[in-house]
Amino acid sequence: MIADSFGRVHDYLRISLTDNCNFRCFYCMPEEEYDFTPASRLMQTQEIIQLAKIFVAQGVKKIRLTGGEPLVRKDAAEIISALGKLPVELVMTTNGTRIAEMLPVLKEAGIKTINISLDTLQPEKFFMITRRDLFHQIRANIELLLQHKIKVKINMVVMKGLNDLEITDFITWTKHNPIQIRFIEFMPFSGNKWTSNKMFSLEEILAAIEKDFTVLPVKAEPNDTAKSFMIPGHEGSFAIISTMTAPFCSTCNRMRLTADGKLKNCLFSDGETDLLSALRKQEDVLPLIRASIWSKKKELGGQLTTHFEKLEADLIHNRSMITIGG
Ligand code: SAM
Ligand code: SF4
């Protein structure tokens, strides 16, 4: 068992397979020219599997593959197949571009739920956000997953003045589709141009939806990072990830392994622990894992408060989102 000093048991590992991506979402990548980490400095296939097994032996029950874009990694299929054999729930967050070609591998590995990021239902705006003209491909891949009975959750980062007026369009999409929309409060990371006036909060999201729909809360599962809701008569549902205004730190069970093999005990931690170097020197990484998690701060990496209006994003010491793995 891996626990922190506040008694939180950590049994959910998020592994970033790469900091590379075929999209250029401005809220995720640093503003300046960005060099992806050379492959030799990333965890290699066997190193990922070896580390994953160490975590699983310590009680990890769920692994999420993320990135960067996890499916752009050349050996993604090999990694997914190997992790699919571990006794864990394997899930993934992806931009959805490579779903069609990877579908057999995903099914074979027993992946039952996939989170796809989609911040707009308008093709032109999609291009503006991602710098890629692939809106229709993503929509088709979402349909494909649904046809294959893989549960789809849509991650939508809500940004004031950019896509907040589309919230109800996303809700309308859930009427006849068994999808869950996850509205995410915009978070500050290194170089992502976050300002408090671009934030659209839990309260504002709910108010926007309640103008047109009857909203009922759904009982939370332990360790949920989202507040879940349903709308009577809708096949799908929605949830709000209110990290900025109402964080879920008290029940957090998450650990993050970056693509270059560093363990982050919180999305907003300023420190990280180099597991990959230790592994390459054939050292025992378990004491490092335990020490890292034990030192986890009570809330938001000890760097943020829920008074986001006063937050100075430039003072936060962290990686960019694309190098952490969301
Ligand atoms: N490439 C994959 C994707 O886009 O789904 C996985 C990696 S991406 C970093 C994981 C999630 O983080 C995505 O849903 C993305 O929208 C979200 N994300 C990135 N930057 C964010 C930010 N500044 N605030 C909130 N969510 C963010
Ligand atoms: Fe790539 Fe995902 Fe970041 Fe967009 S959100 S740049 S798709 S990693």
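Analyst: One term to begin with: buried means under 20% relative accessible area, exposed means over 50%, and partly exposed is in between (1.4 Å probe, protein chains only). This is a predicted model, so local features need pLDDT of at least 70, side-chain atom pairs count only at pLDDT 80 or more, and totals for chains, interfaces and linings use all residues. Residues are numbered from 1 along each chain as its sequence is written, and side-chain values use heavy atoms, without hydrogens and water.

User: Is Cys 266 buried or exposed?
Analyst: Cys 266 counts as buried, at 14% relative accessibility.

User: Which residues does UniProt list for "binding site"?
Analyst: The unreviewed UniProt entry lists Cys 249, Cys 252 and Cys 266. They span 18 residues in sequence, yet no two of their C-alpha atoms are more than 9.3 Å apart, so they gather at one spot. UniProt positions follow the numbering used here, feature names are shortened, and annotations may be inferred rather than shown by experiment.

User: And what does Cys 252 contact?
Analyst: Leaving aside neighbours within four places in sequence, Cys 252 is in contact (heavy atoms within 4.5 Å) with Arg 8, Val 9, His 10 and Lys 296. Cys 252 is buried too, at 17% relative accessibility.

User: New topic: charges. What sits over the ring of Tyr 12?
Analyst: The charged end of Lys 62 does, 4.7 Å from the ring centre. The rule: NZ of Lys or CZ of Arg is within 6 Å of the ring centre and within 35 degrees of the ring normal.

Note on methods: Chains lettered and ligands numbered in written order.
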